[in-house]
Amino acid sequence: MNPKLAQKIAFVFLLIATLCVIVPVLIILFIIVKQGYSAITWEFLTTMPRDGMRAGGIFPAIVGTLSIVLTAISITLPIGVGAAIYLNEYAGDNALTRIIKLSIVNLAGVPSVVYGLFGLGLFVIFLNLGVSILAGALTLSIMELPVIITTARGALSSVPQSFREASLSLGVSRWQTTRYVVLPNALPGIMTGAILSIARISGETAPILFTAAAFYVPHLPRSMFDQVMALPYHLYIMSTQIPNVPKNLTFGTALVLLMLVLAMSLVAIVTRVYFRKRRKW
Amino acid sequence: MVDKIVATTLNCSYGKVHSIKQLNLTVFQNEILGIIGPANSGKTTFLRTINRLNDMLPGFSATGTLTIDGADIFAMDPEALRRKVGMVFALPLPLPMTVYDNVAYGPRRHGITDKKEIAEIVERALCASSLWEEVKDRLNESAMKLSGGQQQRLCIARTLAVEPDIILYDEPCSGLDPISTAKVEEAMVELKKKYTIVLVTNNVKQASRVSDRTAFFLMGELIEIDQTAKLFVSPKDKRTEDYITGRFG
C-alpha cells in the first residue's frame with residue numbers, strides 16, 4: 001500500500017479511537033444534566049429529604065460524602081506518597097520490596113465490595129469504630145492506597161536520575177534531594193493520582209455500604225463517629241429501594257455528585273497547573 | 001607537591017564487571033590531572049568512586065584504599081565527602097529552577113539562610129566560572145534557557161558555591177562547541193590555583209591543552225601517567241602512543 005494512504009488510514013482510525021472516549025462522556029453528561037438540572041434548587045441543596053426521599057433536599061448526603069471523601073483522601077495521600085517515596089527513593093531491590101510491590105498490585109485488584117466487608121470486620125467491629133465516617137474513610141483510604149502509590153511512584157521515577165545526582169554531588173543529603181528536587185518535579189503527577197482517587201472514592205458505594213452509609217439520618221453528623229448519608233448510596237436507594245421517586249430528583253442527585261467531584265478535583269488541578277508552570281524543563 | 005588523592009590497589013566492579021584493576025595513582029594538590037582513554041576504560045568509574053556517587057548503583061563494590069588528605073573516603077560520611085569533592089557532569093545538568101537558585105541551591109541546603117551572604121556566594125561563584133558578565137541580568141530566568149556552554153559554566157558555579165577542595169570534571173565539554181569549550185577550559189586553568197582538578201576527557205587534545213599531568217587508562221588499567229608534555233611527546237608505552245596519535249581502535 002502507498003505509505004501516504006496507509007498513514008491517512010491509521011490517523012483516521014486513531015481519531016475514531018479517540019472520539020470513542022469522548023462520545024460516551026458527553027452522552028452521560030448530557031443525559032444527567034438534561035434530566036437532572038430541573039431538580040437543582042437552593043432548597044434541594046440545603047434541606048433534608050422529606051416524604052420518604054420523594055421530596056425535599058439531599059443536604060445530609062452532600063455533607064456526608066464531603067466528610068467521608070475529605071477524610072479518606074487526607075489519610076491516604078500522605079501515607080501513599082510516603083510509601084511511594086520510600087519504595088522509589090530509598091528501598092533497594094530485594095525480596096522484601098518485591099513482595100511489597102506485588103502486594104500493592106494485588107491490593108489494586110481486590111473488588112471494592114471485599115474492601116467493604118474488610119472494613120466492616122476490621123474498623124467497624126474489631127476496632128469498634130461503629131458504622132461511622134471514620135470507618136468508611138479508613139476503608140476507602142485502604143482501597144485507594146495502591147492507586148496513589150502507583151501513580152506517585154510513576155511520577156517520582158519520571159524525574160530524571162541526573163537531577164538527583166547533580167544534587168547529591170553537592171553534598172546534599174538524600175532526604176533534601178527528595179524534598180527540594182524530586183518532589184517538586186513529581187508533584188503534578190502525584191496530583192493527577194489524587195484527582196483520580198478523589199473521583200473514585202466519591203462514587204464508591206460498596207465500601208461504605210457496611211462501614212459508613214445510612215439509609216436515612218434525620219440530622220447532620222456531629223462527629224467522626226456518626227453514621228452519615230452519602231450521595232452514591234442515596235442515589236442507589238432512590239433508584240432501587242423506593243417506588244415513585246421523581247426522576248429529576250435521582251438525576252439531580254447524580255449531577256450534584258458530579259459537581260462535587262469536580263469541585264474537589266479542582267483544588268488538585270489548580271495545584272497541578274501551578275507546579276507545572278513552575279517546572280522549567 | 002602535596003599528595004591530595006591517593007589510590008592504592010583500588011579495584012572497582014559492577015556485579016561481575018571488573019572496571020578498575022589494581023589502580024595505584026596519586027593526584028597532587030593544585031594540579032589538573034587529565035585522564036584519557038577509550039570508552040569502558042574505567043575513567044568515569046574512577047571519578048564517581050572518588051565522590052562515592054557509585055555507591056548508589058546496585059552491585060557496585062570497591063576494594064583497596066582511596067584517601068583524600070590522608071583520610072579514607074570509604075570511612076567518611078558520603079555527604080561530607082561530596083561537599084569537599086565537587087563534580088561537573090558530561091552533560092550540562094542545571095536543576096529546573098532559576099539561574100540564581102541553581103547556584104544558591106548547595107549553600108542553602110547546607111544551612112546558609114542569610115540572603116546577603118547567599119547573594120555574595122552566588123556572585124563569587126558565577127565570576128569564578130566566568131559566567132557572571134553573561135547572566136548578571138538574567139539571574140531570575142530559568143537555567144534551562146541558557147545555552148549549553150552557559151549551562152555547563154553554571155554547573156561549575158554551582159559546584160564552586162559549596163566551596164569544595166577538589167573538582168571532578170567528567171568529559172565536561174563533550175556537548176559543547178569549540179568557543180564554549182575554550183571558555184570552560186579557561187575557567188578550569190584559572191580554578192587550578194585554588195582547587196585540585198581531575199579531568200576525564202575523550203578529547204586527547206583537551207588533555208594536552210589544560211592538564212599538568214596526564215594518565216592513560218585502558219580496559220580498567222592505568223597504562224601510563226606522566227607530565228603532559230612528556231607523555232604526549234615521548235610516551236613510554238606503545239599503546240599510549242597508538243591512542244594519542246589516533247591509531248587506536
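Visitor: Between which two helices of chain A is the loop that holds A:Asn244?

Guide: This is a predicted model, in which local features need pLDDT of at least 70 and side-chain atom pairs count only at pLDDT 80 or more, whereas totals for chains, interfaces and linings use all residues. Residues are numbered from 1 along each chain as its sequence is written, chains are lettered from A and ligands numbered from 1 in the order in which they are written, and side-chain values use heavy atoms, with hydrogens and water left out. Helices (H or I, at least four residues) and strands (E, at least two) are DSSP runs numbered from the N terminus. On that numbering, the loop with A:Asn244 lies between helix H10 (231-240) and helix H11 (247-278).

Visitor: Is A:Asn244 buried or exposed?

Guide: The phi of A:Asn244 is near 60°, a positive value in a residue other than glycine. Buried means under 20% relative accessible area and exposed over 50%, with partly exposed in between (1.4 Å probe, protein chains only). Because its relative accessible area is 67%, A:Asn244 is exposed.

Visitor: Where in chain B is B:Arg52, which has a positive phi although it is not a glycine?

Guide: The phi of B:Arg52 is about 60°. B:Arg52 has a relative accessible area of 10%, so this residue is buried. Its place in chain B is the loop between helix H1 (43-50) and strand E4 (60-68).

Visitor: Which pattern of helices and strands does chain A follow?

Guide: The secondary structure of chain A comes to eleven helices and two strands, and its C-alpha trace spans about 70 × 60 × 35 Å along the principal axes. Read along the sequence, the pattern is α-α-β-β-α-α-α-α-α-α-α-α-α.

Visitor: What share of the contacts in chain A with a separation of 6 or more joins residues 24 or more positions apart?

Guide: Buried residues make up 44% of the 281 residues in chain A. A contact means heavy atoms within 4.5 Å. Among contacts with a separation of 6 or more, the share from residues 24 or more positions apart is 75%.

Visitor: In which helix of chain B is B:Glu134, the salt-bridge partner of B:Lys183?

Guide: The closest N and O atoms of B:Lys183 and B:Glu134 are 3.8 Å apart. This pair also links distant parts of the chain, 49 residues apart, with B:Lys183 in helix H7 (residues 178-191). B:Lys183 counts as partly exposed because its relative accessibility is 31%, and B:Glu134 is partly exposed at 29%. The helix that holds B:Glu134 is H5 (residues 132-135).

Visitor: What is the N to O distance in the salt bridge of B:Glu133 and B:Lys136?

Guide: At 59% relative accessibility B:Glu133 counts as exposed, whereas B:Lys136 is partly exposed at 36%. Their side chains meet in a salt bridge with an N to O distance of 3.1 Å.

Visitor: How many salt bridges does the structure hold over all chains?

Guide: Side chains of opposite charge can pair when their charged atoms come close. In chain B, for example, B:Lys4, B:Asp69, B:Lys84 and B:Asp165 are linked in a network of salt bridges. Over all chains, the number of salt bridges is 22.

Methods. Salt bridge = Lys/Arg side-chain N within 4 Å of Asp/Glu carboxyl O.
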